[in-house]
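Let's take a friendly walk through a protein structure, one piece at a time. Keep the 3D view open as you read.

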Amino acid sequence: MARFIVRRTLSAIALIIAVSIVVFGIFEIIPSYNPARAIAGRAASQTTVNEVARKFGFNRSLPVQYATTMKLIFTGQVIDYQYDLNVVDQFRQRFGATLSLVIPAGILWLLASIVLGSISALRVGRVIDRALMIFAIVGVSIPIFLLAAVLLYLLAFKTNVFPNTGYVGISDPIQWAYHLVLPWFCIAVLSVGFYSRVLRSNLLDMVNQDFVRTARAKGLPPRQVFTRHVLRNSLMPIITMFGLDFATLLGGAALVTEAVFNIPGVGQYEAQAIGNLDVPPILVGAMFTGFFVVLFGAFADIMYALLDPRIRLTG
Amino acid sequence: MAAERLLEVEELKVSFVTEDGIVYAVDGVSFTLDRGEVVAIVGESGSGKSVTVMTLMGLTRGPNSRFEGSARLRDRDLITASEAELRRIRGKEIAMIFQDPISSLSPVHRIGDQIVEQIRAHEDISKAAAFDRAVELMERVGIPRARDRARAFPHEFSGGMRQRAMIAMALSLSPSVLIADEPTTALDVTIQAQILEEVKQLRQDSESGVIFVTHDLGVVADIADRVIVMYAGRVVEQGTLDEIFYDPQHPYTWGLLGSVTRMDRDPPRRLPAIPGQPPSLVHPPQGCHFRPRCPHEFEHCAEVPPLEARVPEAPDHLDRCWLEVADKRARREVEGRIGLGTGSVVA
């Protein structure tokens, strides 16, 4: 276990450095990218722009610029070029909203996928299976902003069942949940479609396994055969997928949902930064996501080892 | 003197509806099993032997399965029994040991817990008590340090130990019928011999009846009291071990016996095999199913021969072949031993 933690920590550091270099490099090859002009403002004279470039070090060599930026990030002093805000503070303040959005959505989509995937597998070929298949295809193919917009139009604008966007902190749990129901649903729909289909096909493979036949031959009740033997052995691929998807959402991949529902999370901040070609928040966002990807990759591996005794944690 | 009859299968037919047509996997199988006896069902892959025994446990039920005939366990018909009734019979009155113990045990549950699960499916006892019984059972089938080993997972067991664990599981509720579906096929020969000893011991101790499905005639000779030979979904011959091995009546049985190497004879230059392949069970041949591969085929074979006693001195030795007994005895002689022959009688 100690070996596992050490190796995963090292790989996290390596990944975060690699991601930061790639993201930093990308901006150098964007043709119109000129951070000094962005900071100085549209109307600024060339002299001012040059002055800004010198002050921020944009005229130094690329490795030096990279080293300077990284030093600012790790000392928590980095500011964005657009609003002059401390980027690390922004992430810290906004992370609560993202957690509020992503954690319940993750639980919702995982449970719904297991229930719906199981129903499909148990009723394979029947009407309910086909209906869920259509739901899954629609869920996977509908763009999240469209779904969000339609839901808002119908349930917030036309009928006032739900509030029309906005975010309330968790200190008022009822309002908090009330404002987040639609966003949770939007995020979950996309994943449920995909996850429930994957689970369904795993379950159908598993039903024909010899040990499931043994379980039936032992005289176990059908429900016990299904939950203890079939379902238990079918969850592995779902867990891998969940680890990665959940990590990217925490890192800001819920940005569309955050934007449509006006939730002040890290995704919304990153979306603004991308629009402004504002390097520091994008860089921090990418590193932030990389950190979660490694963390939840490790989490998925630990879950694997718990679910399947044949797997050992080796790093 | 007659032992208690446990199982009586009559004209059992099992077919499956598939995309290619209806597969007649079992086509009129009848046999009985008494307390304390070992009945071997032999036949090549696809002969319907596994489907027959799985049907006894209701494991072939499904939306595409069709059943006819009956299979009575004492006075209950297993074919028409409800799923709930069957569930009480499975594992408790009829238990099954499968071919491949690594795939037949759940990879994610401890061996002991898998036995406990079966005990608790039928008896209302505590987990701890069931676990103690699981440990006892594992000791009984010769698993050393059973209390520790009960906490291990299947992948931590060797092949032979896994099969012992399967046997312990099957024995956990002292079933009256034990079905072993090729239990030694996946094991190497030394382990195979140990497992066979285990099964023999078991018959003596528990007085259950054993149905032993195999394609290995060496195993049959070692363990069986009676033998049922199946071919393409039908029983082609059945009788006592001696009747089948020393006076086989059906050419398919001759072919099976002829394709076994024997340690006590000079090895043949080439191991004889039965030419051809088993027929498609979607479009089985008219009449005798073995006809297309049989060198002794004649006009009469287009009509299905009934399974009946044809040897005057052995009323329980049944077979499905139209040939005269004396003719058969001449035809099956190949180089001083029993074989499929060539169709011509060597005088």
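## Getting started

A residue counts as buried if 20 or more other C-beta atoms lie within 10 Å of its own, and as exposed if 12 or fewer do. Keep in mind that this is a predicted model.

## A mostly covered helix

With that in hand, find helix α9 of chain A, residues 210-217. Six of its eight residues are buried, so by the cut-off above this helix is mostly covered. The buried ones are A:F211, A:R213, A:T214, A:A215, A:R216 and A:A217.

What do the buried residues of α9(A) pack against? Their partners are α10 (222-234) of chain A and, from chain B, β6 (94-97) and α3 (101-104). After α9(A) comes A:G219, with a positive phi near 90°.

## One face of the next helix

Now move to α10(A), where the buried residues are A:V225, A:F226, A:H229, A:V230, A:N233 and A:S234. Looking down the axis of α10(A), you would find these buried residues within an arc of 125°, so they line one face of the helix.

## Two helices side by side

Next, look at helix α5 (residues 87-122) and helix α11 (residues 236-253), both of chain A. They pack at an angle of about 160°, and their axes are 10 Å apart. Because of that angle, α5(A) is roughly antiparallel to α11(A). The crossing of α5(A) past α11(A) is right-handed.

Which residues meet there? From α5(A) come A:T98, A:V102, A:G106, A:L110 and A:S113, and they meet A:I238, A:F242, A:F246, A:L249 and A:L250 of α11(A).

## A sheet in chain B

Finally, turn to chain B, which has an open sheet of eight strands in the order β6-β7-β8-β3-β9-β10-β12-β11, with mixed pairing. The strands β6 and β11 (308-309) of chain B stand at the edges and have a single partner strand each, so one side of each is left without a neighbour in the sheet. In general, strands of a sheet pair through backbone hydrogen bonds, either parallel or antiparallel.

How do β11(B) and β12 (residues 318-319) of chain B run, parallel or antiparallel? They run antiparallel and are joined by two bridges. Here B:E308 stands opposite B:D319 in β12(B).

Note on methods: Residues are numbered from 1 along each chain as its sequence is written. Chains are lettered from A and ligands numbered from 1 in the order in which they are written. This is a predicted model: local features need pLDDT of at least 70, side-chain atom pairs count only at pLDDT 80 or more; totals for chains, interfaces and linings use all residues. Helices (H or I, at least four residues) and strands (E, at least two) are DSSP runs, numbered from the N terminus. Two residues are in contact if their C-beta atoms, placed from the backbone, lie within 7 Å. Two strands pair if DSSP finds at least two bridges between them. The arc is that of the directions from the helix axis to the C-beta atoms. Axes are lines fitted to C-alpha atoms, for helices over the stretch in contact, and angles run from 0 to 180 degrees between N-to-C directions. Angles under 35 degrees count as roughly parallel, over 145 as roughly antiparallel, 65 to 115 as roughly perpendicular and the rest as oblique. A crossing is left-handed if the near helix is turned anticlockwise from the far one by less than a right angle, and right-handed if clockwise.
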